[in-house]
There are 4 protein chains.
Amino acid sequence: MLVVMKKDSTPDDLKRVVRFIEDLGYRAHPIPGAERTAVGITGNSGSLDPTMFEVLPGVAQALPVTQPYKLVSREVKPEPTRIRVGSVEIGGGRFSVIAGPCAVESEAQILTIARLVKQAGGHLLRGGAFKPRTSPYSFQGLGEQALRWLARAREETGLPVVSEAVDEASLRLVEEHADIIQIGARNMQNFSLLRAAGRSGRPVLLKRGMSASLEDFLMSAEYLLSEGNYNVILCERGIRTFSQHSRFTLDLSVVPVVQKKSHLPIFVDPSHATGVRDRVAPMARAALAAGADGIMVEVHPAPDRALSDGPQALLPTQFEQLMAQLRALGSVLERRLEPVS
Amino acid sequence: MLVVMKKDSTPDDLKRVVRFIEDLGYRAHPIPGAERTAVGITGNSGSLDPTMFEVLPGVAQALPVTQPYKLVSREVKPEPTRIRVGSVEIGGGRFSVIAGPCAVESEAQILTIARLVKQAGGHLLRGGAFKPRTSPYSFQGLGEQALRWLARAREETGLPVVSEAVDEASLRLVEEHADIIQIGARNMQNFSLLRAAGRSGRPVLLKRGMSASLEDFLMSAEYLLSEGNYNVILCERGIRTFSQHSRFTLDLSVVPVVQKKSHLPIFVDPSHATGVRDRVAPMARAALAAGADGIMVEVHPAPDRALSDGPQALLPTQFEQLMAQLRALGSVLERRLEPVS
Amino acid sequence: MLVVMKKDSTPDDLKRVVRFIEDLGYRAHPIPGAERTAVGITGNSGSLDPTMFEVLPGVAQALPVTQPYKLVSREVKPEPTRIRVGSVEIGGGRFSVIAGPCAVESEAQILTIARLVKQAGGHLLRGGAFKPRTSPYSFQGLGEQALRWLARAREETGLPVVSEAVDEASLRLVEEHADIIQIGARNMQNFSLLRAAGRSGRPVLLKRGMSASLEDFLMSAEYLLSEGNYNVILCERGIRTFSQHSRFTLDLSVVPVVQKKSHLPIFVDPSHATGVRDRVAPMARAALAAGADGIMVEVHPAPDRALSDGPQALLPTQFEQLMAQLRALGSVLERRLEPVS
Amino acid sequence: MLVVMKKDSTPDDLKRVVRFIEDLGYRAHPIPGAERTAVGITGNSGSLDPTMFEVLPGVAQALPVTQPYKLVSREVKPEPTRIRVGSVEIGGGRFSVIAGPCAVESEAQILTIARLVKQAGGHLLRGGAFKPRTSPYSFQGLGEQALRWLARAREETGLPVVSEAVDEASLRLVEEHADIIQIGARNMQNFSLLRAAGRSGRPVLLKRGMSASLEDFLMSAEYLLSEGNYNVILCERGIRTFSQHSRFTLDLSVVPVVQKKSHLPIFVDPSHATGVRDRVAPMARAALAAGADGIMVEVHPAPDRALSDGPQALLPTQFEQLMAQLRALGSVLERRLEPVS
């Protein structure tokens, strides 16, 4: 159920509606819009009677939400969500590039890469501190130390930092040191982790699970919003199919569909999807051309010596070329890559 | 690396080998076998020199393990693993039936179902206390209260209890009240949860993720064994494919392949795979015929009123008929369903 | 639309109904049943008015068919289809085993295998004369010569012969020499070939395409029936999925679903699905346990020297053991494998 | 095996090499290149001894081809293939747009659409005369009459015509009336049809099967080249996956991989892949950005009344906008869309 307030409703009207919803035992989610404010209701087990809300002062109408996902839906919030992180704005006509190494390996490594990301025109810095690995015997990340180095790289370059949380303990640390919390594909349906991230004040970048339907994906985002965290970035990173010429099959056509169904920004990760360096730039360009709000790519100055996923990391010069191509494409397709003034 | 002890080696020889491995900074996993004991080594980043171990007293030989999974591999332990839970034995020529409701809904419900499972010849009782649900607005289980009711059902019927843990908090509770900890498909690569379950004294039933390759599946089991929990039951529950006539595609041919590659018992869950009641019995029979070590099925006396997954639950009479068919098939295929004497 | 005749309707009533349908420009398919005859109507582009038919003498009622497939549907023909080929009956409670080499390689080879199939209790002989191969440079079959050798093997053993047609020219030859025409997975949507096979007097064994949905599969069968060939055997042979531990993923749960939706017999081919010898017997047993009407398996006395698909062929002793297991299972599950008396 | 001629070898040297290969019972495929001529050998069952060829006059070296596909491989022909059809050139830095209705419905319809395709800057005209349809009761195309109308549209607009052949009879007709023969996804492994098309003088546009691996796809193209038809255009049109938000999953990352492995041009069909009009333009732009050599899209002035696949056809104004966007993107990414001068 979505309660839409009148344009001329007062803050007190809104408070009264929220209290009325909470008194019924449900949860109220005020959603300010350009034109008017709406209040999403969650927590009800059956359908609600709209007239119950429509008699309250300041209420224009109460609408049932037809999708199983509520708060992530365009029905509930027609305007695209914009997320401000430091000096960077995500969504709303911008194309943002998150770049960095798969894993943070040393202070020197992350500083070097941060500088080259900044210089090439990238907008945010990525770097894994906690790595979910298929094998218990593989390198699992440097943990909090890596997060401190990322923070230092942010101080020097001004790039906001994105890093993955894999459980509640790492979530606390990522929250403390980074700017955006990444939830990886393997944890897309780790609902306890989603709930914890939904209670965080940090924006969350949520990767699509490798066998998640679009509805599964949006429902996982709904977990985040239903806990009160509305700053969610979705990220397509390839699905599992029979097709073995690339590591995963990048399902790029999800981009226009997400944009139709949800107000949340949708990013694309061509590095994990393809798994091979020379396919990253074509798929990054394709993501922009398909209308994505940004990409997340891996860059490493010495990928042969990377502790994880070396073969998919772009070389610094490749990244610079890609950024130039993206700027040229962006100018043609009305996606801004230049910094926020 | 696998260090195989001589038949006539002494306990002191074994201790010395373990200490030697630990002094190198690795982890030693003694694996007693019918013929002789072996010691798996994990934690080494590169390959080790076998001669280093072969010179120690009591050592027959040191063998490299060719698979990425080590402790779950048949190379390391040729005999099939048998797991004893209460009076029930799993693996080793037995066919075990875990049955019960998707979710525990009330004390009366779980007691009624436990009695009928027992009476029909089922071996273990399942019942969800913590339910991972696609939607944040769906019923999420009754938590610890449900676990207490399950324990009471065990007291009355003698059936050991299987229940799912979804995070570390619920793992502690399941560990306390239930006999086997289930890790669900959506958490198959929740590596923090796997590690925690690997440190538990309870056997773990690990479900295959819906897009997990066989290697992914065995590597997740390896997380459990590498932490010291060798009592792991694998469970196929259907994979995501284009085929939409059933909820998931039951990948039954994984059964003989798992049995070739691993010593761990492999179960099949035909309820979640098909999602429709009248397909459960055919697939349960097929699981036995394919050589599985057991099945996990849902039973509910009033599935129309079930709080989750009603359409896939067998009716009590259907379950009784299925048990009779399984006993008949078992007698033909040398799989014992009768209780341990 | 399905026109159901009254129990006491006369042959003249039926003729009149057929003529009436044809005069409307549609096609009439009389379907005799145990209780009463029905007449399927195809060729209409929109929906028809039932009363138009219900006023005709001898007509009990006219029913719309709700599925996109008509003649293959259980709605149109509730009794399972039984197909008689020589002394063999397929469907209707029997479990039939089609066995033989992937490809006919020589007269001696096919005679040897036919004898062992016969002796072990198999019911029909398979052997490829025309092989659809992924590579233009692979062995493509011995053509008409192979068909002559198959016919000779039938003369000696009495086993009816199944062989694949890949185009209209080979269809003519298979029709002439063999008893059942196989249409392979790669030609499941070769609609010209389906139409030609639909006009043949020989039964057709139609394999499911490797990415065919159940509806696609039944619609391809509908092509055969709509041309007048009602003797169609469906055959599941594995689908393409991400799962790489077997060549294809055998989608065994399609068996009970086909049996619910269609009256046509459904077979399973575990050889092509798994691609590996030691998984064929488990999946063959599972097929019987799941309720399939038969299997198609490959047998070769010297698979190492086979010209195609050697690794998946059972050895003669393995085939004998499998037949013994299937007979034991059949006796438990009321599927008859003994010859028609 | 690939026999590479010396730069200064004579035509007589080449003839002698070809004759030598043919005398061995194999097939020789001379492949002229910018630098030098090579001769592909097919038809050998085992590997050949290079020295046998290297002693012949004019031969630089003889190289084994490591891929299962030979003639389609970049190893055999490093330069990208360019195909000239009328005044249109495909491949070699151009981006070509094939547009038109799913099916030709009337002379007026195809003339209207041909004019608008021409006017908007499209390069070739598509239109189905023979439609492979899942249901035997669906509209199957207007056959030869449709081909005549297509030919008339070509006369008026100068646009070369692409139309699908579904069997040998329709192939003869398409060959006679159209400029490029399309082989559809469902016939990608109809090897008899591929062989027949391989003997045609017309270029072939080969669509990827919906469950074809990249190797399957290239092997099907190899059937065409091995019969002597080197003018082959590959076309990605979406694969079958679990993901149901679009009709098929467009596997766009196949584009850079095909370009690495093969010299053949690779097109993308976003209409059949997505099945929904408003996702066609994003995926068409993404195809260009990913480096494809062209696209094939459906356009219809009144898609609601189209006899097949209406929902995926672009409206005329949408097509014009798309062409403008593609020209802008092409100018940035060095893909020429302007007509050949």
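Visitor: What makes the copies, chain C and chain A, meet through the same surface?

Guide: In this predicted model, 100% of the interface residues of chain C are also interface residues in chain A, so the copies meet through the same surface.

Visitor: Why is Asn229(B) called buried?

Guide: Buried means under 20% relative accessible area (exposed is over 50%, partly exposed in between; 1.4 Å probe, protein chains only). Asn229(B) has 4% relative accessibility, so it counts as buried.

Visitor: What makes H5(B) and H6(B) roughly parallel?

Guide: Helix H5 (residues 168–177) and helix H6 (residues 191–198) of chain B pack at about 25°, with axes 10 Å apart. Angles under 35 degrees count as roughly parallel, over 145 as roughly antiparallel, 65 to 115 as roughly perpendicular and the rest as oblique, so H5(B) and H6(B) are roughly parallel to each other.

Visitor: Which conventions apply here?

Guide: Residues are numbered from 1 along each chain as its sequence is written, and chains are lettered from A and ligands numbered from 1 in the order written. Local features need pLDDT of at least 70, side-chain atom pairs count only at pLDDT 80 or more, and totals for chains, interfaces and linings use all residues, while side-chain values use heavy atoms, leaving out hydrogens and water.

How values were computed:
Contact means heavy atoms within 4.5 Å. Axes are lines fitted to C-alpha atoms, for helices over the stretch in contact, and angles run from 0 to 180 degrees between N-to-C directions. Helices (H or I, at least four residues) and strands (E, at least two) are DSSP runs, numbered from the N terminus.
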